[in-house]
Amino acid sequence: MPSIPAHYPPPVQPGEFIATEPLPPDQRIDVGVLFVGAGPASLAGAIRLMQLLETSPQLKARLGECPVAILEKGKYVGAHLLSGAVLNPSAFRHLFPKLADTDFPFCNPVPGERVSFLTSKRAFPIPVPPTMRNHGNFVASLSQVGKWLAARAEECGVTILTETVGMKVLVHDGRVAGVRTGDKGRNQRGEPLPNFEPGVDVVGQYTVFGEGTQGHLTQSALEHFKISRAQPQIYALGVKEVWEVPQPLDAVVHTMGWPLRLGKAHREFGGSFAYPMGPNRISLGLVVGLDYADASLSVHDLLQELKTHPLFRTMLAGGHRIEQGWGAKTIPEGGLAALPEQLHVPGACVVGDSAGFVNVPALKGIHYAMWSGIYAAEAIFAALQAPSDANARDPLSAYDHAVRTSFIWKELAAVRNMRQVFHHGFVAGSMLAGLAALTNGRFPGGQCPSLPDSAHPVSAGTRTYPKPDNQLTFDKLDSVHAAGNRSRDNQPNHVRLATKVPEVIGEAWIHMCPALVYEWGPGAVGARELVINPTNCIHCGAVTAKGGRLTPPEGGSGPEYEWM
């Protein structure tokens, strides 16, 4: 009988994260418009909304002392932001037309491009696919981009509440009315400590969910309002390091092939990247689809193995991984058909990675996220200006219309099957993806079906990995420390996961996690139970994709990225 993670669902009750009864008035904060998550989508949207409100002083005054607010669960804006990242600057230019590209928080323009196919010992150059050409784009640290955008937002008058998690969606009179924040200062048993602070209701006229990949409140809101997807969202896990090196990297480098196995039965899809971040830093990472079959596959350890390849060993020679220079995050890869069939619910919009705006073959999503935030801001501004009776006529449908008629939709439609065709294996998938690119998505036509990552069976694996030398390669515990993780040891567990599972399922979850969150407890083989170490968690979201459910920990917990 196949071992399928989805057969062991997490202990989550329907509607558990929906609040319909308001808290007392002394536990309520009123804002005009609320953005949840301080990523590029929310920050761009908040900035754009404040720019529009400056043209309508009466409307801005009507929204109160705090017309636009952002909740951010990290210790600071950027603490939980991680991406490659090669950026298309179009959204920056739209928001800040008076600034030059040199004023933006970019490391450098893309100096050139190389793509290679790897075997265990050699790298074979291949032509750069059209989707991966980056002329006119820039290399950046997404964490630094977030900090820069946050500063611009606060200059506009946006209120940013850091170390504040959205735990429940407030639903009043059939529409989203804001969010309920999580408690602070509880122990592992959920009991209040002397510094206990209860959550509050943050109430706004409109709410924007921009929580990034695997958004907790986004999932809850879509489930509550019964918004489905034509195809399930599927994910990849990216693990990344930043190195300081003596020799500059002269191009954006991508690879495919080794250390992944190419056969159809393995279902191993992904590749690596190395980006120059100024004259002496390299951003290096490996991204692997989470529909793989081998329970012993560990993306973190595959990245360590990748660095032993002559291509990367030469690139990193004489260098070192910087402090707070490691992180991991999931990436939505389902494309157009995996977007919510409606991008808004009554009173709220879904933007950025929370919706799934990622172009997998182009390896781009940040500018899509920012533009979706801009479109949401413009739709909300129009809704706020409309008469009250117009608000009953689904005013946020204008956001859906803006996205569906934008370049985002057109570009995602052209690549709608280019991730799914790799379910046929690397060779057949590469041929089909090439035909899809040549025909601008018209081949193979329609939409290729897919399954959730957790619905694919996993089998016992035999992978082994190099022993870390603590110079070029590192173990997971060292890497968690390099993420700057500062989670309080005695806070409640925020990871929902079935712990009494077959051996192969448990092994898959243990190896999958890049941060050593899961391990076997004592007991005989076949009767053991998983133990969860939540303070190790860096909130990558992989467990949600592969059969569990990540909920927000106490505000301020998790990684503290700087250059990721």
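Aromatic ring pairs number 16 in this structure, where rings of Phe, Tyr and Trp (its six-membered ring) pair if their centres lie within 6.5 Å, with planes under 30 degrees apart counted as stacked, over 60 as edge-to-face and the rest as tilted. The model is a predicted one, in which local features need pLDDT of at least 70 and side-chain atom pairs count only at pLDDT 80 or more, while totals for chains, interfaces and linings use all residues. Residues are numbered from 1 along each chain as its sequence is written, and side-chain values use heavy atoms, with hydrogens and water left out.

**Aromatic pairs and charges over rings**

- Phe-92 and Phe-104 form a tilted pair, because their ring centres are 5.4 Å apart and their planes stand at 50 degrees.
- Since Phe-92 lies in helix H3 (residues 90-95) and Phe-104 in the loop between H3 and strand S6 (108-109), this pair ties together parts that are 12 residues apart in sequence; helices (H or I, at least four residues) and strands (E, at least two) are DSSP runs, numbered from the N terminus.
- Both Phe-92 and Phe-104 are buried, a term that means under 20% relative accessible area, with exposed meaning over 50% and partly exposed lying in between (1.4 Å probe, protein chains only).
- Phe-96 and Trp-148 make an edge-to-face pair, because their ring centres are 5.2 Å apart and their planes are at 80 degrees.
- With Phe-96 in the loop between H3 and S6 and Trp-148 in helix H4 (residues 142-156), the pair ties together parts that are 52 residues apart in sequence, and Phe-96 and Trp-148 are both buried.
- A cluster linked by ring pairs takes in Phe-92, Phe-96, Phe-104, Phe-106, Phe-138 and Trp-148.
- The charged end of Arg-281 sits over the ring of Trp-563 at 4.9 Å from its centre, by the rule that NZ of Lys or CZ of Arg is within 6 Å of the ring centre and within 35 degrees of the ring normal.
- Arg-321 likewise lies over the face of Phe-474, with 3.9 Å to the ring centre.

**The chain as a whole**

- The chain contains 14 helices and 27 strands, and its C-alpha atoms fill a box of roughly 65 × 55 × 45 Å along the principal axes.
- Of the 564 residues, 58% count as buried, and the chain exposes about 22,200 Å², of which carbon and sulfur atoms supply 55%, with accessible areas coming from the Shrake-Rupley method with a 1.4 Å probe.
- Among contacts (heavy atoms within 4.5 Å) with a separation of 6 or more, 79% are accounted for by residues 24 or more positions apart.

**Val-421 and its surroundings**

- Val-421 lies in the loop between helix H10 (407-414) and helix H11 (426-438), and counts as buried because its relative accessibility is 2%.
- Leaving aside neighbours within four places in sequence, Val-421 is in contact with Gly-429, Leu-432, Ala-433 and Cys-448.
- Val-421 and Pro-444 are 23 residues apart in sequence, and their C-alpha atoms are 9.2 Å apart in space.

**Cysteines**

- The structure holds 0 disulfides, a disulfide being a pair of cysteine sulfur atoms within 2.5 Å.
- For Cys-349, which is in no disulfide, the nearest cysteine sulfur is that of Cys-66, 18 Å away, and Cys-349 counts as buried at 0% relative accessibility.
- Cys-537 is also in no disulfide, with the sulfur of Cys-540 the nearest at 6.6 Å, and Cys-537 counts as buried at 8% relative accessibility.

**Backbone geometry**

- Most residues other than glycine have a negative phi, and most peptide bonds are trans.
- A cis peptide bond, with omega about -5 degrees, joins Gly-84 and Ala-85, and Ala-85 is in the loop between strand S4 (68-71) and strand S5 (86-87).
- The bond from Phe-443 to Pro-444 is also cis, with omega near 0 degrees, and Pro-444 is found in the loop between H11 and helix H12 (476-482).
- Asp-173 has a positive phi near 55 degrees; it lies in the loop between strand S11 (166-172) and strand S12 (175-181), and is exposed with a relative accessible area of 83%.
- Arg-267, which is not a glycine, has a positive phi of about 55 degrees; it is placed in the loop between strand S18 (252-257) and strand S19 (270-276), and counts as buried at 18% relative accessibility.
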